[in-house]
Amino acid sequence: MTAHRLREAACPICKTKLDAATGLRNDAAPKVGDLSMCARCGQPLRFGVDLMPYAVNLDTVRGATSATDFRAYCRVRDAVLARKHATN
Ligand SMILES: [Zn+2]
């Protein structure tokens, strides 16, 4: 799994510094329009202009992915949320 360095941005929800991304199923570099997620708070994100992340909701993710990818995305999000609640 390759981590791609990004220009530093903040999660629009929890303000965590976001400066890298990894692919869910491959090592392709992120591009505008790709979906992402804050690894701290689990907020679904999408890359906008200059790969700046903005918040979207799970319905957006569901509508933009296959059922298989949506399930995989939700498994990752569930793990992020479980860790978040375990450390709070
Ligand atoms: Zn966040």
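**Legends to the close-up views**

**View 1. Secondary structure of the protein chain.** Two helices and five strands make up the secondary structure elements of the protein chain, where helices (H or I, at least four residues) and strands (E, at least two) are DSSP runs, numbered from the N terminus. Read from the N terminus on, these elements follow the order β-β-β-β-β-α-α. This is a predicted model, in which local features need pLDDT of at least 70 and side-chain atom pairs count only at pLDDT 80 or more, while totals for chains, interfaces and linings use all residues. Residues are numbered from 1 along each chain as its sequence is written.

**View 2. Overall dimensions and burial.** The C-alpha trace of the protein chain spans about 30 × 30 × 25 Å along its principal axes. Of the 88 residues, 15% count as buried, a residue being buried if 20 or more other C-beta atoms lie within 10 Å of its own, exposed if 12 or fewer, and partly exposed in between, with C-beta atoms placed from the backbone.

**View 3. Surroundings of Phe70.** Phe70 belongs to helix H2, which covers residues 67-87, and Phe70 is partly exposed because 16 other C-beta atoms lie within 10 Å. When residues up to four places away in sequence are not counted, Phe70 touches Val61, Arg62 and Thr65, a contact meaning that the C-beta atoms of two residues, placed from the backbone, lie within 7 Å.

**View 4. Phe70 and Ala3.** Although this view pairs Phe70 with Ala3, which are 67 residues apart along the chain, their C-alpha atoms are separated by 21 Å. Across the protein chain, residues 24 or more positions apart account for 39% of the contacts with a separation of 6 or more.
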